[in-house]
Amino acid sequence: MKLSLAKEPALLIGVALIIGVLFLRLDAEPASLRGRKKAEALELQESRLPDVARAKPRIVGNEAGASTRDLFVQPSDTRPLPPLDWIDPPRAELAAIFPPLDPGPAPALFGEFLRREMVRIDSSESGATQLALPVFDDQLDSGRGGSDVSGVRSALRELGKRIGSEEEDATLSPAERAAQRASYRRVYDWIELSGAITIYGSIENDDRFALFLDERSAAPVVFRQINPTTGQESFPGQPPINYEQERLTEIGLALNRSNELELRSRRLKMLGSTQREVLAFAEYCLESRLAAPRAMQLAQEALMPLIEAVPDDPAPRLALARTFEADFEFEAAFVEVRALLEEFPENPEIYVAFAELELRCLLFESAEEHLLAALRLDRTSSRAHWVLGRMYGKRGETELALNHLEAAQRHMAEELEPLTVRVEVRTDLAGALLARGEIEAAARELEIARRLDPLDQETLAALIHCAIIDPALVGITAPARGAGAPEAALETWLQPISDVVRERESSDGSLGLRFELLMAIGLWDLEHGDGSSAKTRFTAAAIADPLRAHFASRALSYLFETVGDLEGAMSLIEQALEGNPSDAWSLYQRGRLQVLSGDLDGAQASFEAALEQDLDFDDALVALGELLLEDGAYNDASRYFERALSRDTGRAEVHTLEGLVRLRSGSFFEALASFERALELRFDDPVALGGKAWATYRTGNSAEALILLAQLDDSRRAFSEEDAHRIWAREQIARITDHLEKVAWGDGFARTVIRNGWQVDEGAGPLVGLEGETVRLSGVFSRAGKTRIYREYPAGSFVSIEASVWIPAGAPIRGGLFVARERRRQRVWTTESEVSIARHSDGALEVCIERSATTEPETLKTNEIEFPTGRWVRVRIERTGTVEEPTVDVFLGGVPVVIGADFPQLGRGGQPLRVGVFAEGETGREVDLKLDDVVVVYRELGQ
């Protein structure tokens, strides 16, 4: 047949459509429905799916978690016991952090520089020594650490006991007499009569200062005499005496700061002064405000005329604003500075002054804006960089602080700046370097500052802190490195202050030490084990500056912990947190103390609060991870440890903790890797070595695990026999060795006859048989007695028996599990000892222990614990204790009923033990007790 070429494409398309429809129909309809007529209804055909549970091994009782049998190993009724559970070895307490100074390392660097192993001192005083003012002189001079006082103070004490006389004064050396005279003149006015007789007291002229400003004044001196040794008037009740100046060879005011300022103020008014002199006087008044009550008033009186004289110069008004600020008149200070800012908007110094005032009032954002505005006006403003750097340092922004403080140092015109400013800038720069962990660079800056001003106490305090962090750095100023160098350096640094203290000895015992130096010396004493002296320093520091007393409180908390007074340590750290609730160190210390007292929830909250202050606080990360590890939150604990290791991979103890997490969570090979890494970093870590041994055991190599545990014991031979790690290692060796000797024999009765070593005792009537893969004790008692099914084991090899028992509700019989040692005498079996757990005929739970044939059985019968009926229940009897002192434990449904009951006859003697199930009843009673899934644990060596 011929086809037209024009029609061939149409034919091809038609054939393709027909074939496509046929394929679609075959794919859409099941084979069973193809060819069915459209009118016929569809029927749902049910398919029987295989029971997946039948393909799984049956798990009975404590077999849960046991590994399945190897397909290529011959089947057996016995199997190894499941591996032992991990028991934690002794672990060190959470790391202690030595109290840092301010400035000091940031919280992220506490661990690197201040982590310490807490060594508690067994002290009966428990940190409760009597508090006293610090004794400074002799402790620095001789290193005796003595509590005695200087020779000057001894002389004063003696003079206070007995009124001075010429004869007694003659006993003093010339140096002691000069020191005595200088101390009197710092407290009292004096006049000297002809004949070199000096009288001490007070000048009470109406204008007492005019006597010293007008050399032509011939007014008599009105003088009230005071006994300098007692402070009492020499002639009480009498008016002051007028002394004509012709009779006097010398008169003088007490050499204190108040009199000095009053005289300088009068001279400025009388003689006239330059602007520089007035501003210098105002600055000196600011420095002296704590020593002279009228210092701020005198400064303001001197500045007012200068402000009127030079209205276009903002410097005097800035000085006035600072006096208002120092006198706590903040509103007046703000008014003055705002007015200056409106008049001189292009002056960067005014912006800096405004910012400093705002910082005093904690207005940080506004202060930062004004400081940045000052820098926009003058990028080289040393003071703006300095103040901004200090602010960033207080906020913990170390990099910014360091940048600005370096700029302040770089742009500072040292020949124009006062010495105090140059020292403070270098000290602040050293503080920023300390916060970043550059201890050596900080120490070098501090050494330069110390040479500029050997008496600056903040510099010396920071230098001492550097020496505590890294003792090698004391060689910068010590005469020689090596033994005694730290003490030599400390004496070198503090000698100038010690000399000044001797020259300025005051009658009230004030040594002139400020907060920073008292804290630093206290920390030095604490680091070198002198707790009593440290406590005295810290207490004096808290008195010297109550606004910063929380630093002293936290240092005292650490001290109290070292002597074992945990309650006192907790009380002090709470005081510290009241003063500064956001202090990361105090929060961490509180968490450690809460762990020691058992408050784990509170400890977790404290560590979390510490991390809120600095997420890189390594020791807080590790501490929180340890708490979560103990709480079983392994994933969360692992994240904290990973975070800590990401910052410092060289911490062996953290690798060990990570290994413990993996060990507890079942990742044994990963745990092994963590422990090996920890041992690479610290080969003698006992926890890592013990963890490695246990991980090796859990990976199936028990022999190697025992070798590793023996190595752990051997590696600590230098310690006593009571060393906790040695005891733990020996206990684990004994546990594993004992465990390897044991096997579990199980019987699920999947057969038609009993056999398999079972024996029956059917003399009382009921019979024992197999029905539906379970053992059934059923029938009627023909006489009072027992029906039993049991197996026999050598007494020395038996460990435990566990079985599932089913007793119908209301059964009038006594039935359950038993372990007994019996002896046959004259064809009669008698029980010598037995332990059983059963349901009594009245429904009560009953545990009976018969220790010997000559003693009365001990029976525990209770209705408080229900013996379930009408369902399967697991019962267990286990031999525990030691070979010498065997004991027995009894369980019902996994709940312990009796623990550690002594059973001296269990496991002794040559007679085998009978273990199994029994049913006991009276004549005519019917029993229907079922038994299934029996597991007996015994020692193979005993067979």
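**Notes on two helix pairs**

1. In this predicted model, the crossing of helices H21 and H22 is left-handed. Helix H21 covers residues 515-527 and helix H22 covers residues 531-544, and their axes come within 8 Å of each other while crossing at roughly 160°. Because angles over 145 degrees count as roughly antiparallel, H21 is roughly antiparallel to H22.

2. On the H21 side, the residues that meet H22 are Phe515, Leu518, Met519, Ile521, Gly522, Leu523, Asp525 and Leu526, and their partners in H22 are Ser533, Ala534, Arg537, Phe538, Ala540, Ala541 and Ala544. Sorted by class, this contact of H21 with H22 comprises 11 nonpolar residues, together with two polar and two charged ones.

3. The other pair to look at is helix H16, residues 398-411, with helix H17, residues 419-435, whose axes come within 9 Å and cross at roughly 150°. That angle makes H16 roughly antiparallel to H17, and the crossing of H16 and H17 is left-handed.

4. Which residues of H16 meet H17? They are Thr398, Leu402, Leu405, Glu406, Ala408 and Gln409, and in H17 they face Val425, Arg426, Asp428, Leu429, Ala432, Leu433 and Ala435. The residues in this contact of H16 with H17 divide into eight nonpolar, two polar and three charged.

Definitions and conventions: Residues numbered from 1 in each chain as written. Predicted model: local features only at pLDDT ≥ 70, side-chain atom pairs only at ≥ 80, totals over all residues. Heavy atoms only, no water. Axes fitted to C-alpha atoms, helices over the stretch in contact; angles between N-to-C directions. Helix = DSSP H or I, 4+ residues; strand = E, 2+ residues; numbered from the N terminus. Parallel < 35°, antiparallel > 145°, perpendicular 65-115°, else oblique. Left-handed = near helix turned anticlockwise from the far one by under 90°. Contact = heavy atoms within 4.5 Å. Nonpolar A, V, L, I, M, F, W, Y, C, P; charged D, E, K, R; others polar.
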